[in-house]
Amino acid sequence: MKINGETKLIGFFGSTFRTSKMYAMYNAVFEKLSLNFVYVPFDVVDIKKGVEAIKTLGIHAVGVTIPFKISIMEHLDELDENAKKIGAVNVVVNRNGKLIGGNTDGKGGVRALREKTEVKRKKIILLGAGGAARALAFAIKDEGGNLTIVNRTISEAEALAKVVDCRFGGLEKLPELLPTTDILINSTSVGMIPHNNQSLVDKKFLHKKLTVMDIVSNPKETKLLREAKESGCQIVFADRMLLWQGVLKFKIYTGVEPPVDVMEKALQITSH
Ligand code: ATR
């Protein structure tokens with residue numbers, strides 16, 4: 001990688017800046033395609049000042065994650081349609097001094113699903129009604145999926161279903177819904193280390209025609225995904241979502257379609 005006076009700087013704003021795999025992923029492709037960009041971490045203390053710095057220093061774009069996805073919004077000049085609907089931002093581009101926020105989280109999830117199954121017209125259960133569920137819910141609707149939001153707190157499911165325009169229910173609905181469901185997505189934190197012995201879905205309701213995706217990435221194979229595999233379901237690991245939201249961001253950063261295999265290799269992930 002050659003840094004010179006023309007090099008465009010892409011920054012990472014988020015508490016995981018020390019451990020993120022995104023540097024390897026983006027910089028490998030910049031190198032491969034001889035694009036004059038570099039992706040670097042920033043230790044942001046104050047998000048307002050962080051945003052000012054994007055303008056002051058002429059930073060080309062930034063990737064945004066927790067805890068800034070919502071708090072960054074009020075400091076930006078514009079939000080694209082996805083960011084507006086989802087109410088959170090995971091990417092900011094600097095267009096000649098104008099900062100525009102976008103969000104590739106949900107679309108990345110749909111792209112990950114589409115490696116294994118169509119989404120359009122499929123019966124889909126989305127477990128959860130938090131920020132991650134919200135991003136996925138809009139993207140699934142945009143793709144033409146037939147969506148039901150299922151959540152422990154039913155009022156949260158109802159509130160999200162109202163804005164997304166889909167059905168909703170509580171966890172007790174799962175036995176009734178699952179037999180005719182095509183795709184099941186866990187977008188709650190259930191199953192994450194140290195609670196990796198937990199799953200919201202009883203194994204006996206998992207069936208062969210189901211594709212199951214989990215947003216929990218630690219462990220890679222959650223209890224839900226393990227039991228889904230044992231039940232003959234197709235499974236989609238969370239790191240496929242990470243890959244695809246990154247692929248979509250790459251296009252936003254550079255205007256160039258990235259070679260997905262190079263990004264995959266840099267992330268050291270496979271679809272199996
Ligand atoms: P995020 O923004 O990462 O999605 P969040 O907004 O805190 O996180 O949402 C967490 C989601 O996980 C919620 O849907 C939550 O359900 P409630 O609305 O009932 O709180 C769900 N969740 C977390 N722990 C859970 C548990 N032990 N059982 C069932 N659902 C759980």
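**Entry 1: strand pairing.** I started with strand E3 (residues 61-64) and strand E5 (residues 91-95), which run antiparallel and are joined by three bridges. Val62 has Val92 as its bridge partner in E5. The model is predicted, so to speak of local features I need pLDDT of at least 70, and side-chain atom pairs count only at pLDDT 80 or more, while totals for chains, interfaces and linings use all residues. Residues are numbered from 1 along each chain as its sequence is written, and side-chain values use heavy atoms, with hydrogens and water left out.

I then looked up the whole sheet. It is open, has six strands and mixed pairing, and its order is E2-E1-E3-E5-E6-E4. Strand E2 (37-42) and strand E4 (78-79) are the edge strands, each pairing on one side only. For my notes: two strands pair if DSSP finds at least two bridges between them. Strands (E, at least two residues) and helices (H or I, at least four) are DSSP runs, numbered from the N terminus.

Entry 2: I checked peptide bonds next. The bond from Ile66 to Pro67 is cis, with omega near 10 degrees. Pro67 lies in the loop between E3 and E4. The bond from Ile193 to Pro194 is also cis, with omega near 10 degrees. I found Pro194 in the loop between strand E10 (183-186) and strand E11 (211-214).

Ser34 belongs to the loop between helix H1 (22-32) and E2.

I listed some polar contacts (N or O pairs within 3.5 Å). A polar side-chain atom of Thr153 lies 2.5 Å from a ligand oxygen atom. For Arg152, a polar side-chain atom lies 2.9 Å from an oxygen atom of the ligand. Ala129 uses a backbone N or O atom, 2.9 Å from a ligand oxygen. The protein covers 61% of the 640 Å² of accessible area that the ligand has on its own (Shrake-Rupley, 1.4 Å probe).

Last, I looked up the site. The ligand sits in the second largest pocket. A pocket is an open set of points on a 1 Å grid over the protein atoms alone, where a 1.4 Å probe fits, with protein on both sides within 12 Å along at least five of seven lines. To sit there, more than half of a molecule's atoms must lie within 2 Å of the grid points.

Methods: A polar contact is a pair of N or O atoms within 3.5 Å; within protein, one must be able to donate a hydrogen and the other to accept it, and residues adjacent in sequence count only if both atoms are side-chain atoms. On a 1 Å grid over the protein atoms alone, a cavity is a set of points where a 1.4 Å probe fits but cannot get out, and a pocket is an open set with protein on both sides within 12 Å along at least five of seven lines; lining residues have an atom within 4 Å of a point.
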